[in-house]
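Then we'll walk through some of its strands and helices together.

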Amino acid sequence: MKILRNKILILLIFSIVGITAYSQNKYPRFQKPGIPMVCYGDNRVAKTFVPPPNKFLKSLSPAADKSADIIVTYNGFTSDARKAFQQAVDIWETLIESPVPIYMEANWEDLGETTLGSCVAGNYYLGLFLGARLPLAYYPLAVAEKMAKSDINLPGEPDLIANFSSTASWYYGSDGQTPVGTHDLVSVVMHEIAHGIGFIGTMGLFDSNTGAYGDENGLVIAYDEYIENLSGIPLVDTTVYDNPSNALYQAMTSGALYYNSPVTLYNNANTRPKLWAPGEFAPGSSIYHLDEFKYS
């Protein structure tokens, strides 16, 4: 199994900007929209290792400060699984910035034979507030609260919900020496938290050769607004791509989709990161991952 842990992925998540404080009672929220991002295990072996970032390594010193606070409620975890999960959380706390604590519910349970884990936003809020760049797009809760600088969900509701397999063959270390036949839990948790924070959207299939996106009103998650083709045309541009349409499907399976937001370009040498857009659309994988051949 190949897990992408690339700096670019981190940059994409919090490039969705433009929220000021608001009340959850005043603005619409959208419960669990989009294509669920679930990590499946298989028998491929990928011996790659991305070490923790320098800021995380420095954070092991008492003098260093993390830039976000992720508070996890663990349900059913063994001590080894919890330690590995917390390692991934600790790394994320040095990669993102938020003035508001991020509350996560983490469940350790039987997910079936092939499912390793998932992480989703607890909810999504529509950007109908002063200063929002995308007033008609939904923001994952952790991003919304970062920009709002306050808690906006209901008391007791988690910002992130993670479910991980208690029956998978896991490696709990963090040194990259994952034995053949096991899955690196720290890497999988790192990857799935990315989806829960905001690397997720609504692009999917209307039928076998027709692409579509959005909720019942056609509104998307903010990530979708920044997806574009090789020529720089956004996939949500309805003057080019009807929704739904075969033309949209062809773009979604073109192998040439990119992510283009101001912060991403600024932090990536003015280069658009390439997204995963294989010739056969794979729900839960296509578009909402980086191109695994370009960023192996």
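**A quick tour of the fold**

Leu257 stands opposite Leu275, which sits in strand 16. Keep in mind that this is a predicted model, where local features need pLDDT of at least 70 and side-chain atom pairs count only at pLDDT 80 or more, while totals for chains, interfaces and linings use all residues. Residues are numbered from 1 along each chain as its sequence is written, and side-chain values use heavy atoms, with hydrogens and water left out.

- Helices (H or I, at least four residues) and strands (E, at least two) are DSSP runs, numbered from the N terminus.
- Two strands pair if DSSP finds at least two bridges between them.

**The sheet around strand 16**
- Strand 15 (residues 257–259) pairs with strand 16 in the antiparallel sense, over two bridges.
- Three strands make up this open sheet, in the order 14-15-16, with antiparallel pairing.
- Its edges are strand 14 (227–229) and strand 16 (274–275), and each of them pairs on one side only.

**Strand 8 and its partners**
- Strand 8 (residues 160–165) has five of its six residues buried (under 20% relative accessible area, with a 1.4 Å probe and protein chains only), so the rest of the structure largely encloses strand 8.
- Strand 4 (residues 102–109) pairs with strand 8 in the parallel sense over six bridges.
- Trp108 has Phe164 of strand 8 as its bridge partner.
- Strand 5 (residues 115–121) runs antiparallel to strand 8, and five bridges join them.
- Cys119 stands opposite Ala162 of strand 8.
- Strands of a sheet pair through backbone hydrogen bonds, either parallel or antiparallel.

- Helix 3 (residues 79–95) and helix 5 (residues 185–197) pack at an angle of about 50°, and their axes (lines fitted to C-alpha atoms over the stretch in contact, with angles from 0 to 180 degrees between N-to-C directions) are 9 Å apart.
- The contact (heavy atoms within 4.5 Å) includes Phe85 and Trp92 of helix 3 and Met190 and Ile193 of helix 5.
- Its residues divide into 15 nonpolar (Ala, Val, Leu, Ile, Met, Phe, Trp, Tyr, Cys and Pro), no charged (Asp, Glu, Lys and Arg) and one polar (the others, Gly among them).

**The whole chain**
- The protein chain has seven helices and 16 strands.
- Of its 296 residues, 54% count as buried.

Note on methods: Buried < 20%, exposed > 50% of the residue type's maximum accessible area, 1.4 Å probe, protein only.
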